[in-house]
Amino acid sequence: MHRMTTISVFGLGQVGLPTAVCFAKKGYRVIGIDEDTRKLEMIARGHAPFFEPHLAEYLKRAISSDAFSVTNDSSSNAQSDLAFISVGTASKEGGSIDLKCVEDAATSIGRSLQSTHVPQIVVVKSTVTPGTARNVVRPILERESGRTSQSGLSLCSNPEFLREGMAIRDVEVPDKIVIGSDDSLAIRRLEEFYKDFHAKNLPPVVRTTHENAELTKYANNAFLATKVSFINCVANIAERVPFADVDVVAKALGLDSRIGPQFLKAGLGWGGPCLTKDLDALRVFSKASGYSPELIEAVINTNAGQWRSAVQLIKNTLGTLRDKRISVLGLAFKAETDDMRGSISVPLITELLAAGATVTAYDPAATDNAKVIFGDRITYSCNPMLCVNQSDCCIIATECDEFKAIPPSAFAERMRFPFVLDGRRIYDANQFLKIGIKFLATGLGSVPVVPGSSKDLH
Ligand code: UDX
C-alpha cells in the first residue's frame, strides 16, 4: 500500500482519533466516522473533544490539509482500502464487554460494501475478547456485504496498546504490532501498510491468529496491572517496616533485566477506563471458559483496597475527619489527561466526604470532568497553592509534574496543619521532614528516613 491509501476509522474516541490524525499526518486520506454529531462538529472545526498531548496540533493540521475528513455517513467507507474499527467496548453489569458498538460498526461497514468490489481489509482495533473477530465480526461483515475473503473482504485483528497522555507517541512509535487473521495475504498487506507508515521505525510484528491477537491485548493490560498491584502489595508491607522504602526496593527490583523498571511505581492504585474494564472482562471471560483466574482476581482486589490504606494513614494522624479540611492535588486517573473514568480520586474523595471532611481539589486538566461527578460537594481551586491553603492534610493523588515543582516550604507556609500524604511518591521525604512537615507516603516505612537511605539511588 502507498501514500494514496484511503483509510476509514470507525469511532473517534481516545484510540480512533489519535490513530486517524497520525495516519493523516503521514499523507494517507483518512475518513473518520462516528455517530456523535456534536463531536464531529468539534473535530471538523479542528477542536479536539478531549485532552491528549499533541492531539490538538495534529488535528488542526490534518483538518486544514484536507487529509482528514469526518462524517456520520458510514457509506463513505465504500472506497477505502482499510477500515479500522476503534469503537469503545464498555463494561456490562458483571464485567463482560458490550459488543454493541463493534457489531454496529461491522454492520455499517458490511452495508457500505454491498455495492462495491473494491478490496478492503477490516481491522479490529477495539479491545474484544478472544473469538469475537471470528464469531461475531466476520459473520456480520459477510452477511451485510454479501462478500467474503474470496471476494476481496478480509478481516484482521490488530489490538492497540495506546496509553492516555502518550497516545500520539504510541501510534507513531509503538513497541510492537500484533496482527491476527486466518488470511495470510491480509496479514501481509496490513504489514506492508505499517511498513510504509513506520518506515525505518517499524517495530517487531507478530503475525498470528485472531484469538492470539485478541488475548494478547488482555494479557498485556493484565500484566501491567499485576506489576502495579504487586508493587503496591510490597508497599503495604514496607509501610510497616522501620527504615523501609518501597521506592528503593522497586528501583533495585527493576534493575533485574528479567523484571524491568516500568510499572513498579507504588501509589494509590491503578485507575483509568482501560485496566479496570479489561481485567474485569478477562476475569469474566476466563470464568465462562471454565477457569477461575485467581491471580487476576487478586490483582483486582489488591487495587480495590489500595486507596483505603491512604485514608487509614490520614485517620491515624488526624483522628476523626469530621470538619477536617483535606486538599487533594490531582483528580484525573493519571497525569497528562483530563480523564476521570476509573480515577482513584473518586472513591478516595467520596470516602473523605463520608467521613465528614471538607475537600478542596486541584487538577491541571480534569476539573470540568470532575465537576460532573462531584458537583458542589467539593471546592475546586484554580492552582495548587490555593488548594492547599489552610488545609489539615494534602493528598497527592496524581503524579503531575506541576506538583513535583512545589517546594516543601510552600506547604508549611499555607497549611493549617502541615501534613502531606504522598500517594504517588513524587517527593523526597527528607525535604519535608527536615522542615518539620508531617510527611507520610505510600510504601514508606514507619521510621522517618535518614539522609542517604532513600532517594540516593534515583
Ligand atoms: C493502559 C495501558 O498502559 C495501555 O497499553 C492500554 O492500551 C490502555 O490501558 P492507560 O490506562 O492510559 O493505559 O494508563 P497507564 O499508563 O497504563 O496507567 C494506568 C494506571 O496505573 C494509572 O492510574 C497510573 O497512575 C497507574 N500506574 C501506572 C501506577 O500506579 N504505577 C505505575 O508504575 C504505572
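Predicted model: local features only at pLDDT ≥ 70, side-chain atom pairs only at ≥ 80, totals over all residues.
Residues are numbered from 1 along each chain as its sequence is written, and side-chain values use heavy atoms, with hydrogens and water left out.

The ligand is surrounded by 20 residues, and the closest are Leu162, Glu164, Lys265, Phe333 and Lys334. By residue class, the shell divides into 10 nonpolar, two polar and eight charged residues. Here Ala, Val, Leu, Ile, Met, Phe, Trp, Tyr, Cys and Pro count as nonpolar, Asp, Glu, Lys and Arg as charged, and the others, Gly among them, as polar.

Glu164 uses a backbone N or O atom, which lies 2.7 Å from a ligand oxygen. Lys217 places a side-chain N or O atom 3.5 Å from an oxygen atom of the ligand, and for a polar side-chain atom of Arg424 the distance to a ligand oxygen is 3.4 Å. On its own the ligand has 660 Å² of accessible area, of which the protein covers 92%; these areas come from the Shrake-Rupley method with a 1.4 Å probe, and for residues only the protein chains shown count as cover.

Two or more shell residues come from each of α8 (210-238) and α10 (273-288). With four residues, α8 gives the largest share. Helices (H or I, at least four residues) and strands (E, at least two) are DSSP runs, numbered from the N terminus.

Next comes the sheet. Six strands form an open sheet in the order β11-β10-β9-β12-β13-β14, with parallel pairing; two strands pair if DSSP finds at least two bridges between them. Its edge strands, β11 (379-380) and β14 (438-441), each pair on one side only. Strand β10 (residues 358-362) is joined to β11 by two bridges, and Thr360 stands opposite Thr379 in β11. Between β9 and β10 there are five bridges, again in the parallel sense, and Ile326 has Val359 in β10 as its bridge partner. Strand β9 (residues 325-329) is largely enclosed by the rest of the structure, because four of its five residues are buried. Buried means under 20% relative accessible area, exposed over 50%, and partly exposed in between (1.4 Å probe, protein chains only).

The whole structure holds 15 aromatic pairs. Rings of Phe, Tyr and Trp (its six-membered ring) pair if their centres lie within 6.5 Å; planes under 30 degrees apart count as stacked, over 60 as edge-to-face and the rest as tilted. Phe417 and Phe419 are edge-to-face, because their planes stand at 65°, with ring centres 6.2 Å apart. Phe417 is partly exposed at 35% relative accessibility, whereas Phe419 is buried at 0%. The pair of Phe432 and Phe439 is tilted, with centres 4.8 Å apart and planes at 35°. Phe432 is buried at 1% relative accessibility, and Phe439 is buried at 7%. One aromatic cluster is formed by Phe23, Tyr28, Phe84, Phe193, Tyr194 and Phe197.

Methods: Near = heavy atom within 4 Å. Polar contact = N/O pair within 3.5 Å; in protein donor to acceptor, adjacent residues only side chain to side chain.
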